[in-house]
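I opened the model and kept notes as I went. The entries follow in the order I looked things up.

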Amino acid sequence: VGVPAALLLTPEQLAPARGIHFRGMTIPGYSLKLFRKFERMVVQKWGTKTRDELAPNLGEYDPIRVGLAYMDLVGASDFPIQVAGSLATAGLWFLEALREIATTKEPTQFEEAYWFEEMWMLPVPARRAALQVALKEAVWDTMSTASNLAIHLMQACSRLYTLRQAVSAMTVAGRLGAGSPDRA
């Protein structure tokens, strides 16, 4: 049973946010400065593709590292919406990496950093396929956890958006790259 196309988000809507994710969230007596500073640093360092002459200290583009950083942010979260938002954003960054790897013929600049020692004996297409399968699993795992949190702990509006985002991202991930289109 497929998901009606009208319910799925567009590729533009599935692009990970390049700005601060918790910008509009204010809670009396609770400071979100740490989250904002962390997000700004991570996205500036690893989430931008172009280097600017005015900011030479920017790191290399690495969407996997940004996704892992959002996974780290989960431990510092206090509210279910923060946890689900961090997991969903991590899933979107993993989906971004999967899209880039699946649509390029040559290895990307960030891809080789995740080939561990045993993988170097394999041919390049096999290494790329293994990374695509791992990224697909990462998208499915982060999005399914975020949707489970949404179902059980979040209010209706944020629940609906998180579920739509999760189903859309998992559908796109299933169509991309190596591996089976669905989970076994």
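**Entry 1: the fold.** How many helices and strands does the secondary structure of the chain come to? I counted five helices and zero strands. I am working from a predicted model. Along the sequence I read the pattern α-α-α-α-α.

**Entry 2: chain totals.** I took the whole chain next. Of its 184 residues, 41% are buried. I got an accessible surface of about 10400 Å². Carbon and sulfur atoms account for 61% of that surface. I then checked contacts with a separation of 6 or more; 67% of them join residues 24 or more positions apart.

**Entry 3: the core.** Which residues have the most contacts inside the largest nonpolar core? I found Tyr70, Phe94, Leu95, Leu135, Val139, Met143 and Ala169, in a core of 42 residues. Each of α1, α2, α3, α4 and α5 (156-175) supplies at least two residues of this core. The largest share comes from α3, with 12 residues. Leaving out residues up to four places away in sequence, Met143 touches Ala88, Gly91, Leu92, Gln165, Ala166, Ala169 and Met170.

**Entry 4: helix α2.** I looked up residues 63-74. This helix has 12 residues and reaches 17 Å from first C-alpha to last. That is close to the 16 Å expected at 1.5 Å a residue. Which residues of α2 are buried? My list reads Pro63, Ile64, Val66, Gly67, Ala69, Tyr70 and Leu73. Their cover includes α1, α3 (80-103) and α4 (124-153). Tyr70 I had already noted among the core residues with the most contacts. For the spacing of such a list I keep one rule in mind: an α-helix has 3.6 residues a turn, so residues three or four places apart point the same way.

**Entry 5: Glu111.** I found Glu111 in the loop between α3 and α4. Is Glu111 buried or exposed? Glu111 counts as buried because its relative accessible area is 0%, against a cut-off of under 20%. Beyond four places in sequence, Glu111 touches Ile101, Glu106, Arg128 and Leu131.

Entry 6: Val3 sits in the segment before α1 (33-46). Val3 is partly exposed, at a relative accessible area of 39%.

Notes:
Residues numbered from 1 in each chain as written. Predicted model: local features only at pLDDT ≥ 70, side-chain atom pairs only at ≥ 80, totals over all residues. Heavy atoms only, no water. Helix = DSSP H or I, 4+ residues; strand = E, 2+ residues; numbered from the N terminus. Buried < 20%, exposed > 50% of the residue type's maximum accessible area, 1.4 Å probe, protein only. Expected span 1.5 Å × (residues − 1). Contact = heavy atoms within 4.5 Å. Core = buried A, V, L, I, M, F, W, Y, C linked by side-chain atoms within 4.5 Å. Areas by Shrake-Rupley, 256 points an atom, 1.4 Å probe, with all protein chains shown as cover.
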